[in-house]
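We will go stop by stop.

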Amino acid sequence: MYRLIPFLVPFVLLLAQSPRVPKDARVGYESITAKDLSAHLHFIASPELEGRETTFRGQKVAARYIASVFQKLGLKPIGDSASYFQHFPVEVTRPSDQSIITVATKQGVKKFAFRTDFVTVSTQDTILAGPVIFIGYMDTRPDSMLTKGRLVMALAGRKQDSHDTTVPAVRRMQFLRQFTGSLATLIIADDSGSGSIGGMATRYSSVLDKGLMRLPGAETRGRFSFQSPYV
């Protein structure tokens, strides 16, 4: 048994390095080179394509480039109108600087201005009516039955480190998305600094200007950050 080991190891390595390719696919397999892959990747990921976001110039350039490669390879087009492209509709929500939030309570009506009192990227013109639930800080995990059908409001930051309310963008978005079935989520922002409404409006200006893209009919929920003195 021990005599087989020196022969088995090279054999296993040989299998790992030489994948079994069907005979009719070998021509295509052997045509793939590191040089070509590197060239394609460097073009697709180049700064000139500006991230290739859907509907933007860079994405259209990338699509035409990929289609040209398909054509060069002799692939049969099966897209729209016998092309290499498949089109689908998208809608973009882009709040204007004239956007406002009007809150009506028993004490009266109060208006909040976009980029001054609140920021949001995902809300269309709408009227929301329902009870408000205040859950404390963003690390609170209330039962979903408590937040369903309500407007959820929280203080930015974590309870164990309440003096630091500057929340990373990824954590903020995760928090805003977690309350399935709620009407809207509102985070009370800092009074000043990078965690304030002004700070966030400056930091996320490109996102606010481009808006949020979604497929038509996708669920829309309100997600806001409020300036704390106005709430």
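Select L151 first: this residue stands opposite A184 in β7. The model you are looking at is predicted.

Now widen the selection to both strands. Strand β6 covers residues 151–155 and is joined to β7 by five bridges. The two strands run parallel.

Stay on β7, residues 184–189. Is this strand mostly covered or mostly open? It is mostly covered, with six of its six residues buried. Show the side chains. A184, L186 and I188 point one way from the strand. T185, I187 and A189 point the other way. Residues on both sides are buried.

**Zoom out**

Show the whole chain as a cartoon. The chain has 231 residues, and buried ones make up 27% of them.

**The hairpin**

Select residues 100–105, strand β2, and residues 108–113, strand β3. How do they pair, parallel or antiparallel? They pair in the antiparallel sense, over six bridges. A hairpin of two residues joins β2 to β3. For one facing couple, pick A104, which stands opposite V109 in β3.

Next, select helix α3, residues 34–44, and helix α4, residues 57–73. Two packed helices are described by the angle between their axes and the distance between the axes. Here the axes come within 10 Å and cross at roughly 160°. An angle over 145° counts as roughly antiparallel, and α3 and α4 are therefore roughly antiparallel to each other.

Colour the residues that make the contact. On α3 they are A39, H40, F43 and I44. On α4 they are V61, A62, Y65, I66 and V69. What kinds of residues are these, nonpolar, polar or charged? Eight are nonpolar, one is polar and none is charged.

**An aromatic pair**

Keep α3 and α4 on screen. The structure holds three aromatic pairs. One of them is F43 with Y65: the ring centres are 4.4 Å apart and the planes meet at 35°, so the pair is tilted. F43 belongs to α3 and Y65 to α4, so the pair ties together parts that are 22 residues apart in sequence.

**The loop between them**

Select L49, in the loop between α3 and α4. Is L49 buried or exposed? L49 counts as buried, at 3% relative accessibility. Leave aside its neighbours within four places in sequence, and L49 is in contact with F43, I44, G58, Q59, V61 and A62. F43, I44, V61 and A62 also take part in the contact of α3 with α4. K60 is eleven residues from L49 along the chain, and their C-alpha atoms are separated by 8.9 Å.

**Last stop**

Jump to R141, in the loop between β5 (132–137) and α5 (144–147). R141 counts as exposed, at 58% relative accessibility. Draw a distance from R141 to Q178, C-alpha to C-alpha. How far apart are these atoms? They are separated by 9.4 Å, with the residues 37 apart along the chain.

Key
Residues are numbered from 1 along each chain as its sequence is written. This is a predicted model: local features need pLDDT of at least 70, side-chain atom pairs count only at pLDDT 80 or more; totals for chains, interfaces and linings use all residues. Side-chain values use heavy atoms; hydrogens and water are left out. Rings of Phe, Tyr and Trp (its six-membered ring) pair if their centres lie within 6.5 Å; planes under 30 degrees apart count as stacked, over 60 as edge-to-face and the rest as tilted. Helices (H or I, at least four residues) and strands (E, at least two) are DSSP runs, numbered from the N terminus. Axes are lines fitted to C-alpha atoms, for helices over the stretch in contact, and angles run from 0 to 180 degrees between N-to-C directions. Angles under 35 degrees count as roughly parallel, over 145 as roughly antiparallel, 65 to 115 as roughly perpendicular and the rest as oblique. Contact means heavy atoms within 4.5 Å. Ala, Val, Leu, Ile, Met, Phe, Trp, Tyr, Cys and Pro count as nonpolar, Asp, Glu, Lys and Arg as charged, and the others, Gly among them, as polar. Buried means under 20% relative accessible area, exposed over 50%, partly exposed in between (1.4 Å probe, protein chains only). Two strands pair if DSSP finds at least two bridges between them.
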